[in-house]
Amino acid sequence: AEHAQLVVLATHGESNEDHASVTEQVLEEAGSLVLVLHETGDAATPQFTTITGNRQSFLVPTDFSRDAQPALALACDLARRMPIDLHMLYVESARQLGKEPTMAEIDRQRLIALVPDDLKARVTVHIGTGDPGHEIAAAAERLGVACIVMGEHARTPFRRWFTHNTSRDVLHFAHCPIWYVPGTMADTSPERARSVGA
């Protein structure tokens with residue numbers, strides 16, 4: 001109703017078949033950016049400021065789909081204006097790598113191709129293996145990132161029953177804040193990044 005650009009929520013537990021968490025319901029229905037903070041967890045809230053000069057790292061997982069593009073665009077815009085380094089991650093299945101051993105290097109080059117020229121010195125690319133939700137959360141822990149920035153697209157409850165949803169898995173497995181960017185988000189301009197990151 002307020003046409004908010006960003007919704008900030010705290011989450012404290014998993015949902016089950018009988019009760020979906022408020023955070024999950026917001027992710028289902030909101031068309032805006034959603035920043036989720038964990039009530040229990042050691043990770044500090046990301047500092048969207050240039051005052052201290054301290055550098056932070058953000059993790060940006062991608063599956064190379066159109067839904068993932070707005071999250072990468074927003075993360076890059078934030079990195080241009082704040083002391084933030086980016087880690088880009090693509091997760092392959094173990095079965096995929098077993099059949100095509102060269103696939104990891106091919107996907108690494110695909111990730112590198114997504115990095116804007118002006119940010120190449122501040123972006124590191126990674127290839128993970130296994131279940132995407134678990135691997136994204138594990139990579140965030142391993143790399144010590146301050147925030148995960150990832151794509152999110154609304155699903156109807158019917159589709160949720162039949163579709164494995166990586167964004168929900170990351171919500172439950174990761175301990176750091178997660179910034180969800182709708183795949184339908186058309187405006188990822190520098191002005192929008194500045195306004196929601198101020």
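Me: What does the secondary structure of the protein chain come to?
Reply: The chain has 8 helices and 7 strands. Keep in mind that the model is predicted.

Me: And how much of the chain counts as buried?
Reply: Of its 198 residues, 45% count as buried.

Me: What share of the contacts comes from residues 24 or more positions apart?
Reply: They make up 78% of the contacts with a separation of 6 or more.

Me: Let's go to H7. Which of its residues are buried?
Reply: Ser167, Arg168, Asp169, Val170 and Leu171 are buried in H7.

Me: What covers them?
Reply: The cover includes two helices, H1 and H5. It also includes strands S1 (6-11), S2 (33-38), S6 (147-152) and S7 (178-182).

Me: Take H5 then. How do the axes of H5 and H7 cross?
Reply: Helix H5 covers residues 132-143 and helix H7 covers 166-173. Their axes come within 8 Å and cross at roughly 40 degrees. H5 and H7 are therefore oblique to each other.

Me: Is that crossing left-handed or right-handed?
Reply: The crossing of H5 and H7 is right-handed.

Me: Which residues meet there?
Reply: From H5, Pro132, Gly133, His134, Ile136 and Ala137 take part. From H7, they meet Thr166, Asp169, Val170 and Phe173. By class, this contact of H5 with H7 has 5 nonpolar, 3 polar and 1 charged residues.

Me: Asp169 is in that list. Is Asp169 buried or exposed?
Reply: Asp169 is buried. Val170, also in the contact with H5, is buried as well.

Me: Now H1. How do the axes of H1 and H7 sit?
Reply: Helix H1 is residues 22-29. The axes of H1 and H7 come within 11 Å and cross at roughly 150 degrees. That makes H1 roughly antiparallel to H7.

Me: Why does 150 degrees get that label?
Reply: Because angles over 145 degrees count as roughly antiparallel.

Me: Handedness of H1 and H7, and what is it?
Reply: The crossing of H1 and H7 is right-handed.

Me: Which residues in H1 and H7 meet?
Reply: H1 brings Thr23, Glu24, Leu27 and Glu28. H7 brings Arg168, Leu171 and His172. By class, the contact of H1 with H7 has 2 nonpolar, 2 polar and 3 charged residues.

Me: New topic: cysteines. How many disulfides does the structure hold?
Reply: The structure holds 0 disulfides. Cys176, for one, is in no disulfide.

Me: Which cysteine sulfur is nearest to that of Cys176, and how far away is it?
Reply: The nearest cysteine sulfur is that of Cys147, and it is 6.3 Å away.

Me: Is Cys176 buried or exposed?
Reply: Cys176 is buried, with a relative accessible area of 4%. Cys76 is buried too, and its relative accessible area is 4%.

Me: Next, Arg122. Where does Arg122 lie?
Reply: Arg122 is in the loop between helix H4 (103-114) and strand S5 (123-129). Its relative accessibility is 23%, so Arg122 counts as partly exposed.

Me: What does Arg122 touch, leaving out residues up to four places away?
Reply: Arg122 touches Arg55, Ala79, Arg80, Met82, Pro83, Ile84, Asp85 and Leu86.

Me: How far apart are the C-alpha atoms of Arg122 and His87?
Reply: They are separated by 8.5 Å. Along the chain, Arg122 and His87 are 35 residues apart.

Me: Over to Pro182. Where is it?
Reply: Pro182 is in strand S7. Pro182 is buried, at a relative accessible area of 6%.

Me: What does Pro182 touch?
Reply: Leaving out residues up to four places away in sequence, Pro182 touches Gly31, Ser32, Leu33, Pro70 and Glu152.

Me: Last one, backbone. Which residues other than glycine have a positive phi?
Reply: Among them are His3, with phi near 55 degrees, and Phe64, with phi near 70 degrees.

Me: Where do His3 and Phe64 lie?
Reply: His3 is in the segment before S1. His3 is exposed, with a relative accessible area of 75%. Phe64 is in the loop between strand S3 (56-61) and helix H2 (69-81).

Methods:
Residues numbered from 1 in each chain as written. Predicted model: local features only at pLDDT ≥ 70, side-chain atom pairs only at ≥ 80, totals over all residues. Heavy atoms only, no water. Disulfide = S-S within 2.5 Å. Buried < 20%, exposed > 50% of the residue type's maximum accessible area, 1.4 Å probe, protein only. Axes fitted to C-alpha atoms, helices over the stretch in contact; angles between N-to-C directions. Helix = DSSP H or I, 4+ residues; strand = E, 2+ residues; numbered from the N terminus. Parallel < 35°, antiparallel > 145°, perpendicular 65-115°, else oblique. Left-handed = near helix turned anticlockwise from the far one by under 90°. Contact = heavy atoms within 4.5 Å. Nonpolar A, V, L, I, M, F, W, Y, C, P; charged D, E, K, R; others polar.
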